[in-house]
There are 2 protein chains.
Amino acid sequence: MIKQRKLYTAFVILLVMILSGCSCKSLTKSDPLPSWSEGIAKTHIIEFVQTVTDKSSPDYIQPAERIATFDNDGTLWTERPVYFQLLFAIYRVKQLAPQHPDWQTTQPFKAALEGDMQTLATSGEKGLLQLIMATHAGMTTDEFAVIVNDWLATARHPRFNRPYNELVYQPMLELLTYLRTNDFKTFIVSGGGIEFMRPWTQEAYGIPPEQVIGSSIKTKLEMRDGIPVLVRLPEINFIDDKADKPVGINQYIGRRPIAAFGNSDGDLQMLQWTAAGDGKRFMMLVHHTDAQREYAYDRDSHIGKLDIALDAAEKNGWMVVDMQLDWKVIYPAN
Amino acid sequence: MIKQRKLYTAFVILLVMILSGCSCKSLTKSDPLPSWSEGIAKTHIIEFVQTVTDKSSPDYIQPAERIATFDNDGTLWTERPVYFQLLFAIYRVKQLAPQHPDWQTTQPFKAALEGDMQTLATSGEKGLLQLIMATHAGMTTDEFAVIVNDWLATARHPRFNRPYNELVYQPMLELLTYLRTNDFKTFIVSGGGIEFMRPWTQEAYGIPPEQVIGSSIKTKLEMRDGIPVLVRLPEINFIDDKADKPVGINQYIGRRPIAAFGNSDGDLQMLQWTAAGDGKRFMMLVHHTDAQREYAYDRDSHIGKLDIALDAAEKNGWMVVDMQLDWKVIYPAN
């Protein structure tokens, strides 16, 4: 009888817990950011999330308005020795070279074929665009997604010898999950190609294609044997960088983020745009300070230059994460 | 003792129901589409939803892939006597006329000021664009949202004498809710202006700004007294119509819908694009057949012309909804 009563009481407690929406998560009170060192960055992130989700707080923000935007290169995954998309373009140049004998003697293709990164770097934005147009256009959108996935499955990072989509930052993965657990909608807002990212962001970050904003080339609907396909054209549609990041955010999301995360001057305007909204806001920069475990660079870097935005962060009180100090680990375990 | 046992049993049953995800909805088995007449349209919609959400069905589709796209004008709300956005543009012309004395003698502005819809209609797409550029650009994005809301709050439909955002179709509202209840993500894919729709789609349709795709003009980030604003420019960015509807879907959503809803030839390619995907699909056209309760028009109409798409629907077995027969009511109760 007593045993039965205890069982009964246990059931009632369990029932009350379920009905009151009490989940296992809140029971264990586990650390939502285990890869973050105890310190000001972790504390401020948690304080921000607790404040805007606390209905009794004057800074409470409705779930629908909890929009968080993340730069990708250097913020969610590594961007060194060069942007991974450039390495993908080089891979594509090599793949397509047999059909383009002139590339053996024409820049920037010659440099790409020879792996001459120095020359490639000096070809600047114009050279980069030439590479992108020659390697990212001419196929259907479905075909391009297959090409990206094939590359990810075979290519390895020269230093870490891991697939590129494994070189994502474990602390940022935890941050993404933590935000989503608190009803944030997480978006990528990257200068990288939108269709270069979409095939793998769900698996890598838990971010679905419709929440990925990036640079794009134009596409065109064509009927092939009565079947509609979208063909990728060698023509710029949108460059999602710097002052155009707020443009992209407005175009795709149509509302202002309450939190924004970047790592370079290319993210400055996204953070300014986020900061200029009403109510509680959170702006953060990842500072690459860890040459041993990843890379160390900022004001003088060609890739991921962090100069004006670093000054702006200090002036405006935005959070600057010191990778070396604030992150216990960089990448997920193998 | 027996009483206690019964209580205990009831608790266990309740607990099992909760744990197995049995919700009140499925208990009551209420009609999800009460404004739809019993008939082939309603039956097919429900069959489609039940099939793709049934884990034991070979046609089961993961929630993440349950993307449904809806045209707006003539599919979710009325588009007669003319597109409501044109009426908004005319309202804006009258509002701005004092600053543009030349409009008194220049077309299409003269016709707009005089309410001469005949002349406006003959000014064609070029005239319409002129009106849009003159009335939809020059302000910030925030200012434009206020202007749209002000218009909705004061303007009334000439025939129904109701605010335009009340002239939404009750059966389609039920369909949107029914799909979302079944873990569909509902998007608008409209030729109408994206920033003309976003201020009111959440309230009218339960569709948030980030799930609204439409035509757009370009915007530019400017700093005004140290505060970043997005200024609307008199320059076309994207026309989300006909063959560019799949382009817009790919650009914004990045995956193919499994269900698409339209009402005119402008939606043909969206339905073709949806139909061409793998797995179970649902394509539907709203046929305006009800002159008494709304309007009746199709093949010969200037607005919402339904001709090629109607033939395609017959050929491909897409659902054609007869407003007069299939819908018990048109608009929500006052």
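A: Let us begin with a term: a residue is called buried when its relative accessible area is under 20%, and exposed when that value is over 50%. Keep in mind throughout that this is a predicted model.

Q: Which residues are buried in α8(B)?

A: In α8(B), the buried residues are Thr141(B), Phe144(B), Ile147(B), Val148(B), Trp151(B) and Leu152(B). They cover an arc of only 135 degrees around the axis, and therefore they lie on the same side of α8(B). On the other side of α8(B) we find Ala153(B) and Thr154(B), which are exposed.

Q: What should helix α8 of chain B span, at 1.5 Å a residue?

A: The expected span is 1.5 Å times one less than the number of residues. Helix α8 of chain B, residues 141–154, has 14 residues and so should span 20 Å, and this agrees with its end C-alpha atoms, which are 20 Å apart.

Q: Is Thr154(A) buried or exposed?

A: Thr154(A), which has its place in helix α8 (residues 141–154) of chain A, has a relative accessible area of 54% and is therefore exposed. As for distance, the C-alpha atom of Thr154(A) is separated by 28 Å from that of Lys218(A), a residue 64 residues apart from Thr154(A) along the chain.

Q: Why does Lys245(B) count as buried, and which side chain does the side chain of Lys245(B) make a polar contact with?

A: Lys245(B) belongs to helix α11 (residues 244–252) of chain B, and it counts as buried because its relative accessibility is 1%, where buried means under 20%. Its side chain makes a polar contact, at 2.7 Å, with the side chain of Asp267(B). If residues up to four places away in sequence are not counted, Lys245(B) touches Asp71(B), Val189(B), Ser190(B), Gly191(B), Asp240(B), Gly266(B), Asp267(B) and Met270(B).

Q: How many helices and strands does chain A have, and what does its C-alpha trace span along its principal axes?

A: Chain A has 15 helices and 7 strands, and its C-alpha trace spans about 85 × 55 × 40 Å along the principal axes. Of the 334 residues in chain A, 53% are buried. Among the contacts in chain A with a separation of 6 or more, 66% are between residues 24 or more positions apart. Finally, chain A exposes about 15,100 Å², of which carbon and sulfur atoms supply 54%.

Methods. Residues numbered from 1 in each chain as written. Chains lettered and ligands numbered in written order. Predicted model: local features only at pLDDT ≥ 70, side-chain atom pairs only at ≥ 80, totals over all residues. Heavy atoms only, no water. Helix = DSSP H or I, 4+ residues; strand = E, 2+ residues; numbered from the N terminus. Buried < 20%, exposed > 50% of the residue type's maximum accessible area, 1.4 Å probe, protein only. Arc of directions from axis to C-beta. Polar contact = N/O pair within 3.5 Å; in protein donor to acceptor, adjacent residues only side chain to side chain. Contact = heavy atoms within 4.5 Å. Areas by Shrake-Rupley, 256 points an atom, 1.4 Å probe, with all protein chains shown as cover.
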